[in-house]
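Colleague: I would like to go through the labels on this model. Please set each one against its cut-off.

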Amino acid sequence: MGECCRGLMAGTACAVGPLAAVLLCLLVVMSPRCAGQTNLKSPQDIQVYAVDSNFTLRWNYTGDGTNVTFSAQYQWFDDHQTDKPEWRELPGCQNVSHTECDFSSAIIADYDVHHVRIRAERREDKSPWSSIFEMIPYEIAQIGPPEIALQSINGAIKIKVTPPEANQVRKMWLNPLVFRYNVVIWKNSSNIEEARNQKVLPMDVIDGLAPETTYCLKVQVIVPVEYREGLFSPIHCIKTTRKVDDLLCPTNVRVFALNMQFYLLWNNHYKEHVNYTVQYLTGFLKDLYDDYSSRWQKVSGCENITDMKCNLSSVIKPTSGFHYFRVHAMNEYNKSCLSKDVKVDPLVTNEFGPPDIKVDISDVLLHIKITPPGGPESEIMSDLYDFSYQVLYWKNSSDNEEEVKMKETKQTIATVSDLTPSTLYCVKVQAFSQAYNKSSDFSKEECVGTPGGKSLPLIVLVTFVVALIVVLIVASLVIFFLYQAYNKIKYMFFPSCQTPLNIKGFGGQVFSSPYAPAAEEPVEICYIIESSITEEVNKIDFKDNRHFKQSSRDSGNYSYDDTSQSKGSEETLGKDIL
């Protein structure tokens, strides 16, 4: 019948008899408490506090906490798991008597979803489960405080920072190189509200401090790419020493950079002979947590020099990363001193000069051709900085109240319309880079005047008429020369003259061209043997023959002009007749 009835039966069996005890027990059994119900309340306000890879479950309990313990369960939703996961006992959170427990050993997947629930227990009695707390470990975890070590040197404080979880096997933060460190430092004699914030490297020097003064500081980790800030370290205090100035040490070390040409400059108050050697350190080495003091290298061309200037072009390229530079000074007695180092990030440190411009003008447009800053490096700089250009133009007149107009463009050729005729316009251009928040000086002013006022339709009409006349003249000349060539060819190969009728009747031979050389016509010699022909008839025939010869001689190219041959033929004919 359960424990709730056994006690009643033992107490009432002797007083009222066994029957009454059974009846009383039945009444008790029907009560809610003995029917499987509980008076234990569920835990509330479930929270998980995570620092680095340490996870703590906390909750509140408003019920009677006498002899109450708490047990928790969790679900782990693996990305590769398709079925709903089962609830498992949460390690480190079973039968605990306090309202918190550490379950760090249960978290092995920092980027997966986890569900957590908890309930109260008293012997066999158990409360309902609490509401479910959902979490992704990496998102709720806080970055823990770093460890720091301080050393006082020559009026400054040398600091070494060790990242959180440096000595742990299980780590939440797998890449401490993304960490940046923020120091809050103040004089011990003042309030913390007067503290200043300063960014430091894992191994760095905090200078600009008052000598022989106690300073207190604390450090926190920040991750800029994730907008995440860590917890502050415990407060450490240290007293600075007196600063000793060494005249041999180079001072005011600085970088002059213009159009990707970098020079390191410095000053020195030492009166005797000094040799300088410029050294550089690749930037990422300072982000590491190792000692980089032996990793400095010499700049080529800047070894044992006496000038207080060094060309850094052998080290810094437009696309190279950032570097640190310092100057090592040594006198003739082999005493040396190192300057403070300076950081050079090429695209951030570099400044660019003004662009070059050329201005031209047409009847209605002002044309501006822009050459990007940089000279020989202009193309590289244009790609790296993605230049935009601010064009200022105005009317250059005696009226000082003329409005200066502005136009922005990303192209290297700009045009300005709506110009006033017979007006002098001046232009200057400035280059700027939005990505790096940098701008150049303005270029030199270039001025050009617009031509006199002409309406655009009149200009178009005049241009059209002139072009039409030129086309007509050229076409006429072409037609004339073609016609002349055609006549010559036709006259050469197809002459219009005809063969005279007397030539046609004489031989019927037609010549194709009057200019072709005439071949000698064969002469037929006829013999008349008739003896009965009288001399009179012969004379008539002879005269006719002479008349024929004369006509042939008068017919131009078709006559037989050789006189001697005519006479010879005449005599021969006479003899034949005789």
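Colleague: Why does Glu226 count as partly exposed?

Modeller: The relative accessibility of Glu226 is 36%. Buried means under 20% relative accessible area, exposed means over 50%, and partly exposed is in between, with a 1.4 Å probe and protein chains only. Glu226 therefore counts as partly exposed. As background, this is a predicted model, in which local features need pLDDT of at least 70 and side-chain atom pairs count only at pLDDT 80 or more, while totals for chains, interfaces and linings use all residues. Residues are numbered from 1 along each chain as its sequence is written, and side-chain values use heavy atoms, with hydrogens and water left out.

Colleague: What makes the meeting of Arg228 and Glu226 a salt bridge?

Modeller: The term requires a side-chain nitrogen of Lys or Arg within 4 Å of a carboxyl oxygen of Asp or Glu. For Arg228 and Glu226 the N to O value is 3.2 Å, so the pair qualifies. Arg228 has a relative accessible area of 16% and is therefore buried.

Colleague: How many salt bridges does a search of the whole structure find?

Modeller: The search finds 11. One of them joins Asp110 and Arg170, with the closest N and O atoms 2.6 Å apart. Asp110 lies in the loop between strand 5 (100-102) and strand 6 (113-122), and Arg170 in the loop between strand 11 (156-162) and strand 12 (180-187), so the pair ties together parts that are 60 residues apart in sequence. Strands here are DSSP runs (E, at least two residues), numbered from the N terminus.

Colleague: Is Asp110 buried or exposed?

Modeller: Asp110 is at 11% relative accessibility and so counts as buried. Arg170, at 30%, counts as partly exposed.

Colleague: What makes His328 buried?

Modeller: His328, in strand 23 (residues 323-331), has a relative accessible area of 19%, so the residue is buried.

Definitions and conventions: Helices (H or I, at least four residues) and strands (E, at least two) are DSSP runs, numbered from the N terminus.
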